[in-house]
Amino acid sequence: VEIINPELVKCALRHITGFYERKLELSMKEAGDLVDIIFIADDLGSQNGLLISRECYREIIQPFHRQLIDCAKKFNPHIKIMFHTDGSVFDIIPDLIDAGVEIQEAVQTDAAKMEPERLKSAYGDKICFHGAISVQSLLPYGEPKKVMEECARIVKVLGKDGGYVAAPSHAVQLGTPPENVFAMMEGVLGRERFGEYLEKAGI
């Protein structure tokens, strides 16, 4: 898809980025040394592929992502950058890494090319993954045993040698069976640690 007026788009993005950059500067000046992670969000994927071409991302959007990330790092070089995007973004992950993203959040494993094995094999030593436990299919519709087993499998795959934060791929949706939430926790923590958690919580 051709951008009819790219300069207008870039002008708008400069204005938007400038606003968030100023907001980030004010926040970081006040509390930068207390902040561990900066969260940035820009949905780039659909269920089956990218919303825009990889070339378009590189030319139009990536420079502004890099601008915000550089701003955060200027105040705290040790801060980690978490970037949220839903959908099938496998092909663009190298460009997110190049922009300075260190944690890719959501990890919609129901989307095309977003299988945990594929992600870990291609990028597991370059970026941390956060999410991957499906709120689209697994949590709302899976049987508890299946939920527990799949969550344990995801942790084993993405967590090999580190670089994974186990979490739902988005907010747990209304109508998700509570027993599936407990099954997710058991799958992630393991039966013994999950039992200890329940005991401490008085459940």
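1. Basis of the note. The model is predicted, so local features need pLDDT of at least 70 and side-chain atom pairs count only at pLDDT 80 or more, while totals for chains, interfaces and linings use all residues. Residues are numbered from 1 along each chain as its sequence is written, and side-chain values use heavy atoms, with hydrogens and water left out.

2. Overall fold. The protein has eight helices and five strands; helices (H or I, at least four residues) and strands (E, at least two) are DSSP runs, numbered from the N terminus. Read from the N terminus, the elements follow the order α-β-α-β-α-β-α-β-α-α-β-α-α. Along the principal axes, the C-alpha atoms fill a box of roughly 55 × 40 × 35 Å.

3. Helices H1 and H2. Two packed helices are described by the angle between their axes and the distance between the axes. For H1 (residues 6-31) and H2 (residues 54-75), the angle is about 15 degrees and the axes are 10 Å apart. Axes are lines fitted to C-alpha atoms, for helices over the stretch in contact, and angles run from 0 to 180 degrees between N-to-C directions. H1 and H2 are therefore roughly parallel to each other (angles under 35 degrees count as roughly parallel, over 145 as roughly antiparallel, 65 to 115 as roughly perpendicular and the rest as oblique). Their crossing is right-handed, a term used if the near helix is turned clockwise from the far one by less than a right angle, with anticlockwise being left-handed.

4. Contact of H1 with H2. Contact means heavy atoms within 4.5 Å. Residues of H1 including Val9, Leu13, Tyr20 and Met28 meet residues of H2, among them Ile60, Phe64, Leu68 and Phe75. The contact of H1 with H2 comprises twelve nonpolar, two polar and seven charged residues. Here Ala, Val, Leu, Ile, Met, Phe, Trp, Tyr, Cys and Pro count as nonpolar, Asp, Glu, Lys and Arg as charged, and the others, Gly among them, as polar.

5. Helices H6 and H7. H6 (residues 144-158) packs on H7 (residues 178-189) at an angle of about 35 degrees, with the axes 7 Å apart. The crossing of H6 and H7 is right-handed. Among the residues that meet are Val147, Cys151 and Val155 in H6 and Ala183, Met184 and Val188 in H7. By class, this contact has nine nonpolar, two polar and two charged residues.

6. Helices H4 and H6. H4 (residues 116-123) also packs with H6, at an angle of about 10 degrees and with axes 9 Å apart. H4 and H6 are therefore roughly parallel to each other. Pro116, Glu117 and Lys120 in H4 meet Arg153, Ile154, Val157 and Leu158 in H6. This contact has four nonpolar, no polar and three charged residues.

7. The largest pocket. On a 1 Å grid over the protein atoms alone, a pocket is an open set of points where a 1.4 Å probe fits, with protein on both sides within 12 Å along at least five of seven lines; lining residues have an atom within 4 Å of a point. The largest pocket has 18 lining residues, with Tyr20, Phe39, Ile40, Ala41 and Leu68 nearest its centre. H1 gives the largest share of this lining, eight residues. The lining has 13 nonpolar, three polar and two charged residues.
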